[in-house]
Amino acid sequence: MTDIDLSLLSDYLIEASEHLEEMESLLLKLADNPGSTELMNEIFRPIHSIKGAAQFIGLERSSRLAHRLEDLLDLLRKGEHPSSTEVVDLLISARDLIVRLAEELESTQSETSSVDEIVDLITATINSGHEHEQQVQRDQHIEVDDTEAKELSTPIKTPATSPYEEENDQELFAIFLENMREKTDLVRTQATELEHSADKIALLERCAENIQALQLAAHYMGYEDLTMIYSNWHEDIVMVQQALADNEDIPYDFMDGYLSEISSIFPQLGSPPVQHTDVAATVATSSTDDALKQETFSEQSTELDVTLLPDYLIEASEHLEEMESLLLKLVDEPESTELMNEIFRPIHSIKGAAQFIGLQRSSRLAHRLEDLLDLLRKGEHPSSTEVVELLISARDLIVRLAEELESTQSEASSVDEIVDLITATINSGQEHEQ
């Protein structure tokens with residue numbers, strides 16, 4: 001169970017209201033033209049934004065419903081599921097329920113309406129689409145000769161991957177895997193620091209937060225076995241924290257088994273086992289290796305969805321302009337928590353959008369920048385003029401990447417150096433806290 005981050009709730013409600021209003025207008029148009037791929041693409045964008053924001057602040061019912069709705073819309077816009085008046089009615093009902101949940105949050109700061117029934121309806125609709133597609137494929141097989149049928153029925157050989165990959169479309173799975181990579185790498189780094197940490201309980205608490213985020217993502221993907229692994233992992237951390245509070249000895253490598261298990265399930269992560277040796281050297285090497293591995297992963301797994309690029313550039317331009325104004329204010333008030341909270345929102349939106357359409361460099365930089373901003377706004381990292389200058393430089397690099405995308409539809413500038421600087425700043429803050 002994830003607590004709602006009430007500090008971000010008001011921002012969520014403002015954004016969700018805008019997205020839901022946009023959806024209402026688009027769905028009314030879709031009712032008259034249920035087969036419009038263009039309208040499906042336009043509807044997909046706001047529901048994706050709602051899902052990401054709801055999931056981030058811990059709105060389990062809204063994010064669960066939005067996630068399943070996004071799955072259906074993705075099939076519809078790609079032509080992989082037949083559309084109809086009944087499907088459009090279901091989309092409208094789902095949107096109306098998200099509105100009701102938002103109204104409950106505004107009045108009581110909690111979600112009370114159940115989403116089970118409509119989630120089951122959406123799932124049944126998705127499954128019926130799969131059955132329709134399979135029947136079409138069977139019909140096509142009947143029409144071809146034996147040789148062609150053999151070719152069609154021969155599975156395509158692919159590199160060794162996790163069995164989970166087959167359960168979702170590749171685009172969605174790539175986003176899930178990238179988030180998993182970031183969080184798992186962070187937990188791995190924290191695990192190497194555990195033995196030498198001055199405040200082991202606080203460090204384990206940060207590990208637990210990352211594992212809870214991983215557990216939530218696995219739950220929304222429908223990976224129940226993986227969700228259980230994270231649940232057991234979190235329980236073990238709580239037990240170790242209690243043992244530390246009781247001044248008992250603990251095994252410092254107790255998390256290695258879980259890290260190894262995750263790596264065996266997801267060989268795409270390519271992560272080495274944790275080595276409990278020289279912590280400083282391990283962290284430095286890990287940072288460099290992870291950057292290289294992430295670039296390799298980026299080249300292999302996710303292609304840029306150019307159909308969504310114009311929308312991304314418009315949204316990113318607005319967010320980056322907002323950030324520029326806020327960062328200029330932060331120069332004069334480098335420790336302002338209020339400003340940090342305001343800056344956090346646009347960079348979170350940029351990260352989600354960039355990650356979704358396959359902008360590996362922009363999403364990687366925005367993700368690391370978000371990690372730093374999260375520590376700053378929670379008061380878990382000291383702010384300074386130098387830190388603000390780093391934030392400004394990172395924002396300027398995202399602007400440069402957006403300009404490259406607008407002119408060439410590709411990202412040319414390297415983000416390695418500034419990502420390393422942000423990582424070093426985060427690590428220095430953790431050392432300061434210890």
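The legends below describe an overview and several close-up views of a predicted model.

**Figure 1. Overview of the protein chain.** The secondary structure consists of 16 helices and zero strands. The chain has 434 residues, and 51% of them count as buried. Of the contacts between residues at least 6 apart in sequence, 73% join residues at least 24 apart.

Figure 2. Side chains of opposite charge can pair when their charged atoms come close. In the whole structure, 21 salt bridges are found. One of them joins glutamate 24 to arginine 95, with 3.7 Å between the closest N and O atoms. This pair links distant parts of the chain, since glutamate 24 belongs to helix H1 (residues 9-32) and arginine 95 to helix H4 (residues 85-108), 71 residues apart. Arginine 95 also forms a salt bridge with aspartate 96, at 3.0 Å from N to O. Arginine 95 counts as buried because its relative accessibility is 10%. Glutamate 24, with a relative accessible area of 38%, is partly exposed, and aspartate 96, with 36%, is partly exposed too.

**Figure 3. The salt bridge between glutamate 370 and lysine 351.** The two side chains meet at 3.1 Å, N to O. Leaving aside residues up to four places away in sequence, glutamate 370 touches Phe56, Phe344, Ile347, His348 and Lys351. Helix H14, where glutamate 370 is placed, covers residues 360-377.

**Figure 4. A negative surface patch.** Asp332, Glu333, Glu338 and Glu342 form this patch. One of these residues, glutamate 342, is found in helix H13 (residues 337-357). Glutamate 342 has 34% relative accessibility and therefore counts as partly exposed.

**Figure 5. Threonine 189 in helix H7.** Helix H7 spans residues 170-193 and contains threonine 189. Is threonine 189 buried or exposed? At 15% relative accessibility, threonine 189 counts as buried. The C-alpha atoms of threonine 189 and cysteine 207 are separated by 9.6 Å, and the two residues are 18 residues apart along the chain.

Notes. Residues are numbered from 1 along each chain as its sequence is written. This is a predicted model: local features need pLDDT of at least 70, side-chain atom pairs count only at pLDDT 80 or more; totals for chains, interfaces and linings use all residues. Side-chain values use heavy atoms; hydrogens and water are left out. Patches are made of residues with over 30% relative accessible area and no salt bridge: like charges are joined within 9 Å, nonpolar side chains (Val, Leu, Ile, Met, Phe, Trp, Tyr) within 5 Å. Accessible areas come from the Shrake-Rupley method with a 1.4 Å probe; for residues, only the protein chains shown count as cover. A salt bridge is a side-chain nitrogen of Lys or Arg within 4 Å of a carboxyl oxygen of Asp or Glu. Lys and Arg count as positive and Asp and Glu as negative; His and the chain ends are not counted. The place of a charge is taken as NZ of Lys, CZ of Arg, CG of Asp or CD of Glu. Helices (H or I, at least four residues) and strands (E, at least two) are DSSP runs, numbered from the N terminus. Buried means under 20% relative accessible area, exposed over 50%, partly exposed in between (1.4 Å probe, protein chains only). Contact means heavy atoms within 4.5 Å.
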